[in-house]
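Me: Could you take one part of this predicted model and go through it closely, with the cut-offs behind each term? I would like a single connected account.

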Amino acid sequence: MEDSPISDPGKAGNSPQQKAENKPKSGDRPDQGTAPAPDHYRPDPQHERDESVIPAPDVPNAKYHHPILAQPPEVFTGLRLEERAKVAAGVTAVIKSMEFSWSEGGLNRGTRGLLNMNQKDGFDCSSCAWPDPDDHRSVAEFCENGAKATASDADDKAAGPEFFAKHSLAQLSQMTDRDQNNAGRLTHPLVKRPGDNHYSPIAWQDAFQLIADNLNALDSPHEAVFYTSGKVPNEPAFLFQLFAKLLGTNNLPDCSNMCHESSGAALSPTLGLGKGSVTLNDIHEAEVILIIGQNPGTNHPRMLTALQKAKRNGAKIISVNPLPEAGLMAFKNPQDFMNPFKALGALLGDGTQITDLFLQVRVDGDMALLRGIMKHLFEAEDRNPGQVVDRPFIEKYTTGFESFEQNVRNTSWEDIEELSGISRAQLLEAANLIATKQKIITCWAMGVTQQRQGVQTIQEIVNLQLMKGAIGKPGAGTCPVRGHSNVQGDRTMGVWEQPTKQFQDALGKEFNFQPPYEHGYDTVEAIKAMYKGKTKVFFSLGGNLLAAGPDTEVIAEGMRKQKLTVFVGTKLNRGHLTTGETSLLLPCFTHADVDMQKSGHQMTSCENSMGVVSQNKGVLVPLPGQMMSEVAILCGIAIATFGSKINIADWVAMTENYDVIRDHISRVIPGFENFNEKLRRPGGFYLPNGPRERKFTTKNGKANFTTTELEHYQRDLEADQLILMTVRSHDQFNTTIYDYNDRYRGVLGERRVLFMNEQDMADRGLKAKDLIDITSHFKGEKRTVEKFIAIPYDIPKGNVAAYFPEANPLVPVGSVAKTSNTPTSKYVVVTVVPTRKTVGAPVEVRMAAEV
C-alpha cells in the first residue's frame, strides 16, 4: 500500500492543514492536474432494458389492502393561502433558519452545526451540491435549506428501541412524512422478523451475520439490489460499489438514475464528460446566464448569491420555467444583514432583481424554446455574418454543425410557438440578449432532466453553447445543478449499473478479484425486477426509494416480495416501514457527527456540482446509543459475508483509518492521485474536466452537435387531459419533509394540493379549494390519487403541478426519458375531477385576508 500523507495512524483525519492553495483568481482556470477526466456517464446502446409494462396498481384502495401505508396518509393539516412571494431569502430566511436549527438541535448544538457547515475545516452541507467559494467564506456559509438539513441531522431527540416498541409499523405509517422525520435520530440497530409488527433491537454482529447469510444463500448475486443515496460521502460509496462487485453484481441503482442521469447521457457523447464544465467563478463572470427548469430559491438557495454577484458584474439572466418562482425574480442576500453598510438597504429595499427576461414555458416545451432562440440567432448571423455564430471555434473543435444548422432552420415557427407556449417575439428578446455575447452559461435541473426528451433537450443546450463557442473559457459553459450533496461523487466512485471496462479492470487489479462486467439494474429496472420477484435482497445505503421513485405502490409491492430489506439511515422515513419478510434498520452518522475510530477523528469527502472534492469533518458528538459510521457498517458486513475470500486485515484497516480507503481510491480512479494530500488542502481540489479546457474526450475527439427531433406529444392529448409535473415545497429537501409550508408560493399548512391554471379550473367547474381526485393515463392504464385541494395559480394553461412524494403514485414506472431511462416526473398525463369520497377530516382553508 502506498504511504498515506499521514504517517502516524493515530493522527488520521486530524493533521494540520497543508499550505497548498486552491484559489483560482477570477477568470482563471483552476488547476485540475493532468489525468484524463473520469467519466462513468457513457450509456451502452446495446444494453437491453426491460420494456414491459407494469400493470397499474390499485392506488386508491391500497390503503385497505395493506395496513402499512406506502403513500402519505390522506389527512389535511390546515391549508392557508397567501400571496405568492416576489423576493427570496431576506430576513425571513434568517429567522426561519434559526428557529428550525434551535428547535431541532438546541441553541448550542444547533449553532455549532451551522457555524461549521461548508467551512474549509468543517463538514459539507448534507443537502444540495452547490459549490463553496474557493477563497473567502463567510461565517454563515449556509442557506435556509442547508440550515434545515443540518438542524435535522443535529436533532437531539432519539428514536430508539423504546420508540419502536411503542409504535407498530402500521401506526408509524399513519404519521405524516414530516412527523416521521421529526421523531428523532435512529440510535440502535433494529430488526423486523417475519410476522413481526414492530422493529426490535438486534446486536450489530447479529445484523451483519443476518445480511451475510441472506446474501450467501442467493442462487445468483443478481438477486441482490444495492441502492445508494446522493447523501453518501465518497469513502462509503466506494466501499458500497466494491462490496456489490465482490458479491458479483452491478445492480447499483442510485438516485442519479432519477435526477441527472439525463444530463450525463446527453453530455458524455457531445462533450466527453457527463458533468458540468463551469466553476463558481465562471458564474460570477458570465455575460448571460440561462436558468432552465430550476428553482434555485428553494432547491439551491446559495446559488442566488452567485447570481447576485453576476448581476452586479453586469450579467443578464434569462429564466425559463412553468412557474414564476420567487428565487428567479429577486433576492435579498441574508449576508447583507451582517454588513453595516448594506443592512438597512437589505431590510427596506426590494432586493436584487435576478431575472431580466422570464419565459413561462409549457411543461416539456424547453426544447422548442431553445430551438426558437437558435433559429433567431441564425437569422441574426445572416444579417451580420461572423458576428453571432462562432465559426472558428466550430471548425476547430466540433463536428455535426451543418446537419444541426439545417435542422434548426427547417423547424417552423408554428411548431416552436405551439410546443413552447412562447411567442416568436419573446424568443427574439432572448436571442437579442445572447447574440453578441460570448460568456454564456446555461444552468438546468430536474425540470429538464425528467422530461420525455430530457436528454435531447440538454443536447439542444449543448448545441446553443457550441454555436456560440461558449465552452471551455472563463464565464462560459454548461452547468447541470445537481441536488444531493454527493450524487455526483457517488457516480465518480463507481456507483453505476453500467461501469466502464477501465474502471472494473482497475478495481479488480487493486483488490485482486475478477469484477463483473455484465450490466446491472438501474433504478427503474430494479423496481421492475423487484416487483416481478426476480430479486430477494434490497440493500439501501441512505435514501428513501419508496418516496423518491415513481409508481409508489409498485415499489411497495416489490419491497414486500423481498426476503430481506436493509436500510442504513439517520432518521425514520416511510421507506423503512414497507419491508421484506425480514428487515434491518441500521443507524449511521451524519456529515455533522464526530466520527471517532481507532486511529482518531475521521473525515470523509464529497464532490460538488462543479467537480470540487472537499472534506467532511463532523463537529457534533453523536447522541447516546449504538450508531456506527457508514464505513464501519459496510466493512463489518463485508467481513461477515466474504470472510477469508477478502483481505480481512485491509477491511479492518479501512474501518480504523479512512486514509486507507482513499489510498485505494487514488490507485483506481484518475484524478484522485495523492488523494489524502489534496483533500487536506484548504477548500479541497478540482477534478480533471476536459470540456473546461476544450479537451473533448468523445470517441472522435470533438465536441459534437446533435440533430434532435421535436416530438408533438401534446397533440396526442384528449380534450380534458392536462400535463402534471411534480415539484418540491420550500420546507422540503428531496424526500425529507421539514414542515407543511411552501412560503414562497404562498401555500401554508398543507401539501395535498394541485396548482392549476384558473381557466383550466373554470373549464372543469372547479373553484379555489375544491377537493379533487387526480388520475394519470399511460398506455391505457390509470392510476388515481384522492383528496387533493385545487389551488388557482400562475401556471400555463394545460399544465398542473403537485408535490412529491404525494403525487408519485401517478408517475408510471414505464414512462421514462429516452436514453437515460429517467422517470418522467415532469410529464404525466392526468385528468382532474371533483373528489368522489367524503373527506374524513375538515379542511381548514383561509385566505390571507381572513387570517
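Rings around Phe685

Reply: Phe685 counts as buried, with a relative accessibility of 2% (buried is under 20% relative accessible area, exposed over 50% and partly exposed in between, with a 1.4 Å probe and protein chains only). With Phe675 it forms an edge-to-face aromatic pair, 5.9 Å centre to centre and with 75° between the planes; rings of Phe, Tyr and Trp (its six-membered ring) pair if their centres lie within 6.5 Å, and planes under 30 degrees apart count as stacked, over 60 as edge-to-face and the rest as tilted. This pair links distant parts of the chain, since Phe675 lies in helix H31 and Phe685 in strand E23, ten residues apart (helices, H or I with at least four residues, and strands, E with at least two, are DSSP runs numbered from the N terminus). Phe675 is itself buried, at a relative accessible area of 1%.

The structure is a predicted model, in which local features need pLDDT of at least 70 and side-chain atom pairs count only at pLDDT 80 or more, whereas totals for chains, interfaces and linings use all residues. Residues are numbered from 1 along each chain as its sequence is written, and side-chain values use heavy atoms, with hydrogens and water left out.

The structure holds 24 aromatic pairs. Among them, Phe672 and Phe685 are also edge-to-face, 6.0 Å centre to centre with 85° between the planes. Here Phe672 sits in the loop between helix H30 (658-668) and helix H31 (675-679), while Phe685 belongs to strand E23 (residues 685-686), 13 residues apart. Phe672 is buried, with a relative accessible area of 0%.
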